[in-house]
Amino acid sequence: MHEPAMESQETAVPESRALLGWSLPESREDIPSLQWLVTRLRDSRIDWRLLESLVRFEPAHYARRVLVRTDACELLLACWLPGQASLVHDHGGSHGAALLVRGELKETRFAWGGDRLLPALACRAGEGDVMLERPDTIHRVVNPSRHGAVSLHLYAPPMQGMTPYDGQTVPGRTRRLRPPRPPGGGGAGRRRRPRAG
Ligand SMILES: [Fe+2]
């Protein structure tokens, strides 16, 4: 599966103030930390009807759409049908916070074990949970449920492209990524992610 291309702006997108109750900063100096992003996103006063009008599911892959972008950050909407998943990926050096507004997602984080990426942590997020995507986060996200899921992602600075790792030559390394090994007994386990902040 490939990472989906950004969907074209086929419908008018509202200002972030209309959607979230606050305007995205225009300057990078206005975003002091990742925690600031988390707090602003978590405390948003979302216009649920407006958000619902923006939800688009794609049968072939999960759908991503940039809603608002400034010099400082961007707001992205992701829609996941049951079973749809991202590739293993990073975030191009950006900090990110993802608010799950509908449904359920499972995140698997990877860590380097020698020259291989191995699953290090798996957790589930439910409605209202915030997932953190740090510059060094490498993860895969899947909708494990039988229902659609929708997540709002804030990235600062705007993502300059994410690196997919599945079946690709790992940048700066000469060997290819091998299939991750399943976690052994007593290894990485599933746990409930505490609410960020
Ligand atoms: Fe991600």
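Leaving aside its neighbours within four places in sequence, with which residues is A97 in contact? In this model, A97 is in contact with L34, L37, V38, L41, V130, L132, E133 and L154, where contact means that the C-beta atoms of two residues, placed from the backbone, lie within 7 Å. The model is predicted: local features need pLDDT of at least 70, side-chain atom pairs count only at pLDDT 80 or more, and totals for chains, interfaces and linings use all residues. Residues are numbered from 1 along each chain as its sequence is written.

The protein chain has 3 helices and 9 strands; both are DSSP runs numbered from the N terminus, helices being H or I of at least four residues and strands E of at least two. From the N terminus on, the order of elements is α-α-α-β-β-β-β-β-β-β-β-β. Among contacts between residues at least 6 apart in sequence, 79% join residues at least 24 apart. Of the 197 residues of the protein chain, 30% count as buried. A residue is buried if 20 or more other C-beta atoms lie within 10 Å of its own, exposed if 12 or fewer, and partly exposed in between, with C-beta atoms placed from the backbone.

Consider the sheet that contains β3 and β6. This open sheet of 5 strands has the order β1-β2-β8-β3-β6, with antiparallel pairing; two strands pair if DSSP finds at least two bridges between them. Its edge strands are β1 and β6, each of which pairs on one side only. From one strand to the next, the twist averages 20 degrees. β3 and β6 are joined in the antiparallel sense by 4 bridges, and the bridge partner of A97 in β6 is L132. Helix α2 packs on the sheet, touching β3, β6 and β8, and its direction makes about 20 degrees with that of β3. Axes here are lines fitted to C-alpha atoms, for helices over the stretch in contact, and angles run from 0 to 180 degrees between N-to-C directions.

The buried residues of α2 are L37, V38 and L41. Seen down the axis of α2, these residues fall within an arc of 100 degrees, so they line one face of the helix; the arc is that of the directions from the helix axis to the C-beta atoms. Their cover includes β3, β6 and β8.

In soluble globular proteins, nonpolar side chains tend to be buried together. A nonpolar core is a set of buried Ala, Val, Leu, Ile, Met, Phe, Trp, Tyr and Cys residues joined through C-beta atoms within 7 Å. The largest such core has 31 residues, of which L41, A97 and L154 touch the most other members. At least two residues of this core come from each of α2 (34-42), β1, β2 (74-80), β3 (95-102), β6 (130-133) and β8 (149-156). Another core, of 5 residues, lies apart from it and includes V88, F110, L117 and I138.

Next come β4 and its partners. Strand β4 (residues 105-113) runs antiparallel to strand β5 (residues 116-125), and 9 bridges join them. T108 stands opposite A122 in β5. The hairpin of β4 and β5 has 2 residues between the strands, and G114 takes a positive phi near 70 degrees. β4 also pairs with strand β7 (residues 139-142) in the antiparallel sense, over 4 bridges.

F57 lies in the loop between α3 (48-54) and β1 (63-69). F57 counts as partly exposed because it has 13 C-beta neighbours inside 10 Å.
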